[in-house]
2 protein chains.
Amino acid sequence: MAQLRIALAQTNPTVGDLSANAAKLVEWTRDAAARGAHLAVFTEMFLTGYPVEDLVLRTPFVDASVKTLEDSATRLAAEGLGELPVVVGYVDRSGLAPRLGQPKGAPLDAAALLHRGRVVIRTAKHHLPNYGVFDEYRYFVRGDRLPVFRLHGVDVAVAVCEDLWQEGGPVAVVGQAGAGLLVVPNASPYEKDKDDVRLELCARRAREAGCALVYANQVGGQDELVFDGDSLVVDASGALVARAAQFREELLVVDLELPESSVPAGQIAYDAGDGTAITVERVVLSDEPLASYPALPASIAEPLSPPAEVYSALVLAVRDYVAKNGFQSVILGLSGGIDSALTATIASDAIGPSRVHGVLMPSRYTSEHSIADAEELALRQGLNARVVPIGDIVSAFDKEIDLSGLAAENLQARVRGMILMGLSNEHGHLVLTTGNKSELATGYSTLYGDSAGGFAPIKDVPKTMVWELARWRNAHTGEHFLLEAAEPIPVGSITKEPSAELRPDQRDSDSLPPYEVLDRLLDDYVEKDLGSAELIAAGHDPALVARVIRLVDLAEYKRRQYPPGPKITPKNFGRDRRLPITNRWREHTP
Amino acid sequence: MAQLRIALAQTNPTVGDLSANAAKLVEWTRDAAARGAHLAVFTEMFLTGYPVEDLVLRTPFVDASVKTLEDSATRLAAEGLGELPVVVGYVDRSGLAPRLGQPKGAPLDAAALLHRGRVVIRTAKHHLPNYGVFDEYRYFVRGDRLPVFRLHGVDVAVAVCEDLWQEGGPVAVVGQAGAGLLVVPNASPYEKDKDDVRLELCARRAREAGCALVYANQVGGQDELVFDGDSLVVDASGALVARAAQFREELLVVDLELPESSVPAGQIAYDAGDGTAITVERVVLSDEPLASYPALPASIAEPLSPPAEVYSALVLAVRDYVAKNGFQSVILGLSGGIDSALTATIASDAIGPSRVHGVLMPSRYTSEHSIADAEELALRQGLNARVVPIGDIVSAFDKEIDLSGLAAENLQARVRGMILMGLSNEHGHLVLTTGNKSELATGYSTLYGDSAGGFAPIKDVPKTMVWELARWRNAHTGEHFLLEAAEPIPVGSITKEPSAELRPDQRDSDSLPPYEVLDRLLDDYVEKDLGSAELIAAGHDPALVARVIRLVDLAEYKRRQYPPGPKITPKNFGRDRRLPITNRWREHTP
């Protein structure tokens, strides 16, 4: 057996900011070297950030990625770090001849090994996910190799993210290739309870391949996604050896005992079990095992409780959306209700209350307790608050056009949205919306009104979880939460009956079932995608099933009938340019 | 040689409206039979409409599609049409075992042959386009067959849409299979000048396969897409035999002389040249050629001029968006400028001026000629017009919040957007936005202001083409345009200098280059996706290239920073449910 110390760089790159990502590569490699690592592993597409979406179809962007990789190899060596091999993800291109429908330039979701100033290995992801949040058939062509490099006598194989999840392909030949270690750079977005799934997957693949496995994952918010980190290492039996925390950057360093190998260098093609052949390419960095040294104790992060996990994801999402988009501050409406209270708390925890601006916008239907609770929230948290009454503005509209019923309710919501957008345009704040998933899913939201804004922190949080998170946050703190107040949320906001206050004595319960009932049904319909027969079989009330399916589908169609405003599309009609929102890459122009 | 009379059903289905589409199948098959056809060919996914996006992931939807197909076979026979074979597209599912990332239920973009009350053949598209407006790796698994049926002695092969465009696959084995005719159901969206590309492609494939080719294409607006029809028939030498008009429904009937075949029924697998095998499946409907009959004269539609083609696409897009979404009327702001004038004209041509509602919303910056031109437009077209001054509403905002510069300009645009949305909510009109591609691409548009609305008829029309279309429409009429006025657009609106009138003496030329210069550059950057070096090499001014790239990219990022309002996503974080906007399918609920 031979020893190796591996450093997993669980990092937070920014899409398009190639020079900052490259600087971070050097900085973290220096840390890894200082901690005595023999191999540093960064995440999938670390140099470009992930996901880059349509950027990858721009030739100068791919050129910049490849140049950044090559420059990084040189720079690491120049800074005295050339002896430490570094595995890092980036974007490359294949030499394939273009054909109809193939992404322009045939880009690759690539990974490389940097050593002694050179790019020693280049490989690329074989399985391209094109489900859920992934659209990779649109952006990449697939790789067909499994590189194996010998490091201090140990054969180390490299595969990228999705190749671990799918049957067949490069990971399926790791065992035949006789690797002693498989390292996998990832950009695997957070989902509730995904950490359990990941560990189980890594353990299974380690056992199948008969070797230890290093899983390094991206952390941070990027556009609509949050990456949770949760990097981990399992041994050849699938047992957990080390694990990084979720939702924060961490250089996880672990010592492993790995089998020595003496297979000669060269290339062999294997049937990969998925209808393709994978070529194993071997290179040797160093044949001799290291002299024995004392291993470090392994670090295994404690898992977060379910509410802590979700709340941490929301805080990180807001923090990174603000920072990566170049905002300094946020603005939101404070109604006194629980949704805006929780959203304000998340924002204060993310960027500090001094950068959070709350606006109370009372109308004739706003109750005394709403104003009191909103003021109490601002006071407890120390965020900036102001009052802008909407009565006279609504009256000015009423003088010009006659609106009744829902149209009049929507008008109030839109006046509030315009006030927030006006202050945003004047002062540069990012507008946060405060709608929760239960009300958005069922259509209780006004287009260009309460839905107007740049980021919606709790759009994926059902109402029952809004209350759960509020109670949890009032009882807990966290090292990465910037809000210092104990019990930041007024108990009145948590316990009061929900109301939109758009007409006299309005209550959510006038038109919706209890949220406990609604949220269970929404979970089965929206998340689990059950049909009506299945929903009824699962015990939901048939009349409610019919009603909620209608509400959800209508809300969905209305959102799509009224898109954000025109998008610019190539080819005159069609799909919009899917550039990542927070991209920092700018093509150099003279 | 044997004769066959083929009817191409260039039809306009509605996504999700399976019963209406099935009724249309029967109606058009009856017409085809009445005109003596021996084979009727409908379009890709005709029974479900195209594109169905996420609907296809719902089990009850696929069940409904398959049942509609089977019921249609029975119904055609019951109505005395069973002797006429019908090729029609629908959605089916494969029997594949589910695996990670595969679309739920493994749906197929399928086509079937109906004859004598039975579904005689089922096949499915092999090549799944996943570029431009297509996302089919997300929705379908691929077919692996080429069905060939003998009809009156002629072997007829069936392939679906994209299989014609890609090298290899089912179309590549048509020649080896010795078919005398290839019929292809399509749902191929309109792009400028695509008709030339289609004819060339069909001619090439016919020559490669050595047989005649029938290309039946969908027509109509569906969500963001417009299908232009342009169905056509070429002979085995690639010569054009018949062609339907663009942008309207048509049953194109054509007589062909085709080779007889006597290959026995059965299955043979061929190497399809794309790394897959395609199984040719033969069935015999009838071996005997028809007795000789007099052929009909072939009909070849005249191509439209470039402005007629674009204008017709815009009219059809508005007409179908309104109708398929269940609206009765539209509303839009009339500024007196050319963009709102052209948009109103398109709407009047699409649904008739009595269903078009224009609102003049003058501010203190609105000039006399603007009001006069807007009033003149309403008068010429006979559309409904009203005046809602915004001055007092803007003043009411000014009393509560201090806004300056761009924030104040945006406020005016947003007050107008709210008035239109309020009247839309009150009266049920669809709001049309009036922005053109040049200004939207460069960011001269206000979020929740002039961009607020459900459909943006000229969002893909550059400013120079806006003027061209206005002049063209003033000089031409068209059979499918509902507006009867001659010269419907006041000449003042066409000739005046463009201005947003959001501050005193504002002119577009204050901040933008001449539109002739800008539009050429935007075309090269947005449509052709050239990088800055390529743009400069193409002769564009380097300083302007830098400035316009910055404007376009910033506008794009801002649009994405401020999404439409929260979307509901499964799995807590991620991609939204991509349901088609105008879907008519509702799962039956008790």
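Analyst: Let us begin with a term we will need, because a residue counts as buried when its relative accessible area is under 20%, as exposed when it is over 50%, and as partly exposed in between. Please also keep in mind that this is a predicted model.

User: Okay, is A:Ser188 buried or exposed, then?
Analyst: A:Ser188 has a relative accessible area of 3%, which is under the 20% cut-off, and therefore A:Ser188 is buried.

User: Where does A:Ser188 lie in the chain?
Analyst: You will find A:Ser188 in the loop of chain A between strand 8 (181–186) and helix 5 (194–209).

User: And which residues does A:Ser188 touch?
Analyst: Not counting residues up to four places away in sequence, A:Ser188 touches A:Trp165, A:Lys194, A:Arg198, A:Tyr215, A:Asn217, A:Phe227 and A:Asp228. With A:Lys194 there is also a polar contact of 3.1 Å, which joins the side chains of A:Ser188 and A:Lys194.

User: What does UniProt say about that spot, with A:Ser188 and A:Lys194?
Analyst: An unreviewed UniProt entry places the feature "binding site" at A:Tyr131, A:Ser188 and A:Lys194. The record also places a feature called "domain: CN hydrolase" at residues 4–258 of chain A, again from an unreviewed entry. In the model, that span is 24% helix and 32% strand, and its end C-alpha atoms lie 7 Å apart.

User: Where is A:Tyr131, and what is A:Tyr131 in contact with?
Analyst: A:Tyr131 sits in the loop between strand 5 (118–124) and strand 6 (145–151) of chain A. Leaving aside neighbours within four places in sequence, A:Tyr131 is in contact with A:Glu162 and A:Gln166, and also with B:Leu100, B:Gly101 and B:Arg138 of chain B. With a relative accessible area of 21%, A:Tyr131 is partly exposed.

User: Switching topic, which other residues of chain A does the "binding site" annotation cover?
Analyst: The unreviewed UniProt entry uses "binding site" for A:Gly333, A:Leu334, A:Ser335, A:Gly336, A:Gly337, A:Ile338, A:Asp339, A:Ser340 and A:Thr434. They are spread over 102 residues of sequence, yet they cluster in space, with a largest C-alpha distance of 11.9 Å.

User: What can you tell me about A:Leu334 and A:Gly337 from that list?
Analyst: A:Leu334 is in the loop between strand 17 (330–333) and helix 7 (338–351) of chain A, and A:Gly337 is placed in the loop between strand 17 and helix 7 of chain A. A:Leu334 is buried, at a relative accessible area of 6%, and A:Gly337 is buried as well, at 17%. If we leave aside neighbours within four places in sequence, the contacts of A:Leu334 include A:Ser340, A:Val359 and A:Leu383, while A:Gly337 touches A:Ser493 and A:Lys496.

User: Now chain B: how do helix 12 and helix 14 of chain B cross?
Analyst: The axes of helix 12 (residues 463–475) and helix 14 (residues 515–527) of chain B come within 8 Å and cross at roughly 115 degrees. Angles from 65 to 115 degrees count as roughly perpendicular, and therefore helix 12 and helix 14 of chain B are roughly perpendicular to each other.

User: Which residues make the contact?
Analyst: Helix 12 of chain B contributes B:Lys463, B:Thr464 and B:Trp467, and helix 14 of chain B contributes B:Tyr515, B:Glu516 and B:Asp519. By type, the residues of this contact divide into 2 nonpolar, 1 polar and 3 charged.

Conventions: Residues are numbered from 1 along each chain as its sequence is written. Chains are lettered from A and ligands numbered from 1 in the order in which they are written. This is a predicted model: local features need pLDDT of at least 70, side-chain atom pairs count only at pLDDT 80 or more; totals for chains, interfaces and linings use all residues. Side-chain values use heavy atoms; hydrogens and water are left out. Axes are lines fitted to C-alpha atoms, for helices over the stretch in contact, and angles run from 0 to 180 degrees between N-to-C directions. Helices (H or I, at least four residues) and strands (E, at least two) are DSSP runs, numbered from the N terminus. Angles under 35 degrees count as roughly parallel, over 145 as roughly antiparallel, 65 to 115 as roughly perpendicular and the rest as oblique. Contact means heavy atoms within 4.5 Å. Ala, Val, Leu, Ile, Met, Phe, Trp, Tyr, Cys and Pro count as nonpolar, Asp, Glu, Lys and Arg as charged, and the others, Gly among them, as polar. UniProt positions are given in the numbering used here, feature names are shortened, and annotations may be inferred rather than shown by experiment. Buried means under 20% relative accessible area, exposed over 50%, partly exposed in between (1.4 Å probe, protein chains only). A polar contact is a pair of N or O atoms within 3.5 Å; within protein, one must be able to donate a hydrogen and the other to accept it, and residues adjacent in sequence count only if both atoms are side-chain atoms.
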